[in-house]
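Please open the model in a viewer and keep the sequence panel beside it.

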Amino acid sequence: MTDLTLYHCPKTRGFHALWMLEEIGEPFEVRIVNIRDDIQSEAYGAVNPMRKVPALDVGGELITESPAICAWLADRYPEKGLAPAIDATGRGSYLRWLFFAGSVIEPAFIDKAMSRETPRQMAGWGDLASVKATLADALDGRDFLVGDKFTAADLMIGSTLNFMMNFNLLERVEPFAGYVGQLVERPAYKRAMAREAAFAG
């Protein structure tokens, strides 16, 4: 029995949560929903009114948004070592990078994909050049973003950068290529990818 149920659609941002659950290593259930299908998406609206994935049902309480799911799981299972303790050095940096993926990296690269430019003074993410420079500086000479070990922040940033490189929105250059390359060798990542392949049939 498990109280963790992930609502997931393959080849979406839901992969963040799927990978995180594999890192946690506790039993969980996956319910596949096709958010690209209007009928299925409308029915899924009863679970998550945004009709987006991922969504994690924890004993009847719904958690949405990838960084929130990752933060909750890391804090619920501290023995897995996927987040610094609340009062530990590095906790602030960890939270910064955990939320950097969705609130800074994604919108900057969406601008690029859409061939548009949000005025810098209006954009919380600044611009794409500063996003890439900030990340490159943070990763220069480092395997991980916080301290010397993998955290949920690396999962969020690494998964997002991997997506951007796979869709040719980010060049496979250092330090990004090496950083992502070592993360995708993690056993939990490979298990999550195997699930994705099975879901796709």
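In which helix is glutamate 23 found? Glutamate 23 is found in helix 1, where helices (H or I, at least four residues) and strands (E, at least two) are DSSP runs, numbered from the N terminus. The model is predicted, so that local features need pLDDT of at least 70 and side-chain atom pairs count only at pLDDT 80 or more, while totals for chains, interfaces and linings use all residues. Residues are numbered from 1 along each chain as its sequence is written, and side-chain values use heavy atoms, with hydrogens and water left out.

**Stop 1: glutamate 23**

At 14% relative accessibility, glutamate 23 counts as buried (buried means under 20% relative accessible area, exposed over 50%, partly exposed in between, with a 1.4 Å probe and protein chains only). Apart from neighbours within four places in sequence, glutamate 23 is in contact with Leu82, Phe150, Leu155, Arg186 and Ala188; contact means heavy atoms within 4.5 Å.

**Stop 2**

**Stop 3**

Now select strand 1. Of its 5 residues, 5 are buried, so strand 1 is largely enclosed by the rest of the structure. Both faces are covered, with Leu4, Leu6 and His8 buried on one side and Thr5 and Tyr7 on the other.

Leucine 6 stands opposite valine 30 in strand 2 and opposite leucine 56 in strand 3. Strand 1 and strand 3 pair in the antiparallel sense over 4 bridges. Strand 1 and strand 2 run parallel and are joined by 4 bridges, and threonine 5 has glutamate 29 as its bridge partner in strand 2. The chain passes from strand 1 through helix 1 to strand 2 in a right-handed β-α-β crossover (right-handed if, with the strands pointing away from the viewer, the path from the first strand over the helix to the second runs clockwise).

**Stop 2: strands 3 and 4**

Move to strand 3 (residues 55-58), which runs antiparallel to strand 4 and is joined to it by 4 bridges. Aspartate 57 stands opposite leucine 62 in strand 4.

**Stop 3: helix 1 against helix 3**

Select helix 1 and helix 3 together. The two pack at an angle of about 10°, with their axes 9 Å apart. That makes helix 1 roughly parallel to helix 3 (angles under 35 degrees count as roughly parallel, over 145 as roughly antiparallel, 65 to 115 as roughly perpendicular and the rest as oblique). His16, Ala17, Met20, Leu21 and Ile24 of helix 1 meet Ser66, Ile69, Cys70, Leu73 and Ala74 of helix 3.

**Stop 4: serine 66**

Finally, select serine 66 in helix 3 (residues 66-76). Serine 66 is buried, with a relative accessible area of 7%. Not counting residues up to four places away in sequence, serine 66 touches Arg13, His16, Pro54 and Met156.

Conventions. Pairing = 2+ DSSP bridges. Axes fitted to C-alpha atoms, helices over the stretch in contact; angles between N-to-C directions.
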